[in-house]
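Notebook open, model loaded. I am jotting down what I looked up, entry by entry.

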Amino acid sequence: MQTNLINHVIGAIPLWNWLVEPLQYGFLVRAILVSAFVGIVCAVLSCYITLKGWSLMGDAVSHAVVPGVVVAYALNIPFAIGAFIFGFGATVAIGYVKSKTRLKEDAVIGVIFTGFFAFGLVLVTKIPSNVDLFHILFGNVLGISQADIIQTIIAGSLTLIIILLRRKDLLLFCFDPNHAKAIGLNTQLMYYTLLSVLALTIVTALQTAGIIMVVAMLVTPGSIAYLLTDRFDYMLIISAISSVLSCVMGTYVSYYFDVSTGGAIVVLMTILFILAMIFGPKYGIIAQQFTKGSLEDLNQIADIE
Amino acid sequence: MNTIQPLDITVDNLSVTYNNAKLALYNASCRVQAGTITALVGPNGGGKSTLFKSIMGFLKPAVGRIIVGGLSVGKAQKKQLMAYVPQADDVDWNFPVSVFDVVMMGRYGYMNFLRIPTSKDRRLVNESLERVGMTEFRDRQIGELSGGQRKRAFLARALAQQGQVILLDEPFTGVDVKTEKRIIDLLIQLRVEGHTILISTHDLASVATFCDRTILLNRTILASGTTEETFTEENLSMTFGGLPLNSINHMFNHQSEAA
């Protein structure tokens, strides 16, 4: 009687219904859990990538994994292995070409990743495999298979463990690689550690967001957080919350309105970004307008001090 | 304060080339004597930063070698012998780290794999903050500091690292007179404790007041010795302009064409 009443009251709230009703479908529960997990992994790495200024590198690696996915399916090995090898290989190629030529880094990145991507396109049209190019490009979390879920979880867990263990070194590497070198730490190893977790994260997010949208998952949550706080630990939390929220709600939206899941997730993230940009308490556009004058006064006082 | 065994730095026939095949530094040889405050003086673009970055191992010289206290730079760094205070321009002041976080980074080389600070690390960080007078700002994000406070925060990091050799790249740029005096007093104390200090600067006025020795640099070492001997009008005009410089430039252009 009592529970019946509670159910009745809760049932009257439309949002609750909206959230609970789809949970009776197994595939949707799975999709929501997977995308929430992917959201956390991307959010954590996103803080480092944003601070290091490696957004373009993220874009490059995500495109470079395509031939790896095709080859993996053709050879009947897990897609994650092929994707990781090619994604990481592209970063090594970028580093090598940059050190051997006079080209600037952005040009090298542009040449290498489009080259890898194009090679993948050629392979996918020539090698007989059941790779659906559309799914690689745009993600398909609603139709994700058991095997793909397992690979996603392994790659994501590995990423989280590596970052958890090396988080201080990675932060130092992003902030002040010269100091890291000055105190005798192996900066080359830090560089490749960060590149490996970048490639691993892209492998993790591949099935959910797709290649085109992965870069948004790698850049936007960290950027949202960076606009809202000056402390790295808060940055991680804000990044994770905004990412998971977008991933879960995006999956719902995708189910209800029958739109692309990756697209819905990234649209939600972008909306959060715009809100943070406008309403951020310290660095938001509105706050900046209000405090501009008074901050200048404060700075003058601080200088006189 | 316990004193330490001072170390010297020997730069032997160093040449550094950048990617665009330009020689930044040519045939540079000099010695930073143990337990001195030595100034590295020269015009902007004259190779001061290049020499600094080579001594710290951030740049790989094309020719020549650098020895710190009898060790290669890499080995000296692994033993935490060398601390470096960067130029203000080389730091991302918007980075979400606090003053305390930055100073703690000076201790990473002593910590375990997970970089978990011990009570000794915390104590040294607090002492270093105290010594530069930054204790009350320890929880500030680094971008919220004034120019002088920023310098003191990074100086505290060098103190926390306890390096015998301390290199300061342009420590007086963007710093008010009061802070400059304060930094100089601290450097003199550090010398008494046995540190070897090398500072790069174009602030000629302050060099004579506290630097024991001076190295004059414009793409190669032009003069070095005690500040009294070295700081002559002739040497300075040679470093910052005038005939000998032009002839050197000529030599450089010749060299880079050959390369």
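The entries below go through a few helices, strands, rings and single residues.

**Ground rules**

I am working with a predicted model, where local features need pLDDT of at least 70, side-chain atom pairs count only at pLDDT 80 or more, and totals for chains, interfaces and linings use all residues. Residues are numbered from 1 along each chain as its sequence is written, chains are lettered from A and ligands numbered from 1 in the order in which they are written, and side-chain values use heavy atoms, with hydrogens and water left out.

**Helix H7 of chain A**

Which residues of H7(A) are buried? I noted A:Val108, A:Ile109, A:Ile112, A:Phe113, A:Phe116, A:Phe117, A:Gly120, A:Leu123 and A:Val124. Buried means under 20% relative accessible area, exposed over 50%, and partly exposed in between (1.4 Å probe, protein chains only). Looking down the axis of H7(A), I see the buried residues within an arc of 145°, so they line one face of the helix. The arc is taken from the directions from the helix axis to the C-beta atoms.

Turned away from that buried side are the exposed A:Val111, A:Val122, A:Thr125 and A:Lys126. The cover over the buried residues of H7(A) includes helices H4 (55–64), H5 (66–75), H6 (79–100) and H8 (133–138) of chain A.

**Rings**

I counted aromatics next: 17 aromatic pairs over all chains. Rings of Phe, Tyr and Trp (its six-membered ring) pair if their centres lie within 6.5 Å; planes under 30 degrees apart are stacked, over 60 edge-to-face, and the rest tilted. A:Tyr25 and A:Tyr255 make a tilted pair, 6.1 Å centre to centre with 50° between the planes. The two are 230 residues apart: A:Tyr25 is in the loop between helix H2 (14–20) and helix H3 (26–52) of chain A, and A:Tyr255 is in helix H13 (residues 232–257) of chain A. A:Tyr25 is partly exposed at 34% relative accessibility, and A:Tyr255 is partly exposed at 25%.

I also checked A:Tyr191 and A:Tyr192: the centres are 5.0 Å apart and the planes at 80°, so this pair is edge-to-face. A:Tyr191 counts as buried at 19%, while A:Tyr192 counts as partly exposed at 27%.

One aromatic cluster takes in A:Trp18, A:Tyr25, A:Phe27, A:Tyr252, A:Tyr255 and A:Tyr256.

Then charges over rings (NZ of Lys or CZ of Arg within 6 Å of the ring centre and within 35 degrees of the ring normal). A:Arg231 lies over the face of A:Tyr234, 4.4 Å from the ring centre. In chain B, the charged end of B:Arg150 sits over B:Trp93, 4.5 Å from the ring centre.

**Strands of chain B**

I found an open sheet of four strands in the order E2-E1-E4-E5 (chain B), with antiparallel pairing. Two strands pair if DSSP finds at least two bridges between them. Which strands are at the edges? They are E2 (23–32) and E5 (71–72) of chain B, each pairing on one side only. E1 (residues 9–17) and E4 (residues 63–68) of chain B pair over five bridges, and B:Ser15 has B:Val63 in E4(B) as its bridge partner.

E6(B), residues 82–85, is covered on both faces: B:Met82 and B:Tyr84 are buried on one side, B:Ala83 and B:Val85 on the other. Four bridges join E6(B) to E7(B), residues 165–169, running parallel. B:Val85 stands opposite B:Leu168.

**Single residues**

B:Gln161 is in helix H5 (residues 147–161) of chain B and is buried at 1% relative accessibility. Contact means heavy atoms within 4.5 Å. Beyond residues up to four places away in sequence, B:Gln161 touches partners including A:His179, A:Ala182, A:Ile183, B:Met82 and B:Tyr84.

A:Thr208 lies in helix H11 (residues 187–209) of chain A and is buried at 0%. Setting aside neighbours within four places in sequence, its contacts include A:Val34, A:Phe138, A:Asn140 and A:Ile265.
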